[in-house]
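Me: Please show me how to read a model like this one, feature by feature.
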Amino acid sequence: MLRGKRILLGVTGSIAAYKSATLVRLLIKEGARVQVVMTNDATSFITPLTLSTLSKNPVYTTYFDKETGEWNNHVDLALWADLFIVAPATANTIAKMANGICDNLLQAIYLSAKCPVVVAPAMDLDMYRHPTFIRNLGILRDMNIRIAEAESGELASGLTGQGRMAEPENLLEFISSQFPSRLNGKNVLINGGPTYEAVDPVRFIGNRSSGKMGVALANAFAEEGASVTLVLGPSNETPDEHIDVIRVESAEEMYNATVSHFKKADITVLSAAVADYRPKDISKQKIKKSGDYLQIDLVKNKDILAALGAKKTTKQVLAGFALETENEMKFAKQKLNNKNLNFIVLNSLRDEGAGFGGETNKVTILDDKGKTHKFELKDKLSVARDIVDYTIGLL
Ligand code: CTP
């Protein structure tokens with residue numbers, strides 16, 4: 001299950017580098033996001049253009065671009081990745097990895113990586129069984145680097161034996177096995193985005209929600225193998241194609257769509273910024289400008305989360321969000337209790353980088369046992385993955 005996973009592929013100077021093109025294609029087909037870094041020697045075997053075209057991303061070979069002076073930040077690339085795989089990995093690269101030698105971008109990325117690292121060795125059979133290589137591979141293994149063993153067969157030298165890089169299909173399987181799907185067979189319901197409450201045919205009352213958090217949540221649950229339904233208010237975000245998206249506009253439409261999918265949901269997380277009120281009457285014609293003041297009467301919308309909380313069974317997990325500007329903990333706790341939730345995700349507009357619109361969020365989870373779990377400021381997909389991990393912990 002590689003949907004949405006960020007795979008950083010390191011390609012080094014072996015004839016097997018031509019197989020990297022197939023590997024990139026297979027990863028993309030599985031829904032992974034791929035970035036490629038190559039050593040200088042690797043570019044003699046396969047062009048960066050081939051791999052950038054297939055990965056749909058620039059390929060990095062050096063610390064900086066000589067033409068523009070632009071710096072390729074190895075730390076950012078390393079931290080971006082959910083998994084770093086070096087395929088093919090030459091004896092030289094493996095020796096450097098084993099000994100912390102950092103004389104190219106790929107090695108600097110390796111030394112900065114916090115994610116799981118996989119190597120797929122490729123070399124001639126005598127090199128593959130040389131005691132020095134065996135020792136170096138052992139060092140990597142002891143450092144918990146996963147080894148996709150070379151396969152046996154005809155080698156580029158004409159000899160036959162172990163040393164061929166594992167076939168791309170087998171590497172794909174190896175990579176997938178590093179990401180067990182923990183929510184296979186579960187139905188997940190998410191809502192997100194703002195709602196628009198029509199005033200007349202051209203105007204509405206809305207809010208600043210972008211829908212990014214809801215989409216990130218849907219993507220993060222889908223990454224774990226869940227079947228995800230996302231009820232999404234007006235938003236420019238594009239959810240992963242495997243997600244069942246129901247587009248709505250008003251709070252009433254969101255209520256109907258969310259309530260009707262609740263019964264079969266094992267896990268429901270409502271992140272939408274639902275308008276609490278809507279205009280009592282929607283003018284059929286555009287309201288013309290007249291006096292200095294205009295009064296629009298508003299009536300209360302139904303609370304979707306509270307309605308689901310009232311229907312919830314003990315087998316279902318139900319969570320909501322609380323966006324606050326003051327007395328954050330107190331208000332979040334009230335919502336958790338009043339709406340009968342398993343947990344609530346609090347974000348405060350007083351925290352820089354949290355809340356609507358931006359790429360990041362900073363949240364605290366409050367649960368129905370009275371515990372709180374604080375998280376750092378992170379990009380919204382990482383926040384969503386924390387919420388998924390937390391939810392899996394409850395199951
Ligand atoms: N919510 C909902 N339906 C509404 C209003 C809110 O389902 N009509 C949900 C939101 O999706 C969120 C949670 O309730 O998960 C809390 O929303 P929030 O706007 O923070 O709080 P409200 O309950 O609307 O209270 P207030 O606006 O007074 O803070």
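Me: Which element gives the most to the shell around the ligand?
Reply: Elements here are DSSP runs numbered from the N terminus: helices (H or I, at least four residues) and strands (E, at least two). Strand S17 comes out on top, with four residues. S17 spans 317-324, and helix H12 (304-311) also supplies at least two shell residues.

Reply: Keep in mind that this is a predicted model, where local features need pLDDT of at least 70, side-chain atom pairs count only at pLDDT 80 or more, and totals for chains, interfaces and linings use all residues. Residues are numbered from 1 along each chain as its sequence is written, and side-chain values use heavy atoms, with hydrogens and water left out.

Me: How many residues surround the ligand?
Reply: A residue is near if one of its heavy atoms lies within 4 Å. By that rule there are 14, and the closest are Leu 270, Ala 272, Phe 321, Lys 335 and Lys 339. The shell splits into eight nonpolar, one polar and five charged residues (nonpolar: Ala, Val, Leu, Ile, Met, Phe, Trp, Tyr, Cys and Pro; charged: Asp, Glu, Lys and Arg; polar: the others, Gly among them).

Me: Which polar side chains lie 2.8 Å or 2.6 Å from an oxygen atom of the ligand?
Reply: We look for pairs of N or O atoms within 3.5 Å. Lys 335 has a polar side-chain atom at 2.8 Å from a ligand oxygen, and for a side-chain N or O atom of Lys 339 the distance is 2.6 Å. From Lys 302, a backbone N or O atom lies 3.1 Å from a ligand nitrogen. Overall, the protein covers 76% of the 570 Å² of accessible area that the ligand has on its own (Shrake-Rupley, 1.4 Å probe).

Methods. A polar contact is a pair of N or O atoms within 3.5 Å; within protein, one must be able to donate a hydrogen and the other to accept it, and residues adjacent in sequence count only if both atoms are side-chain atoms.
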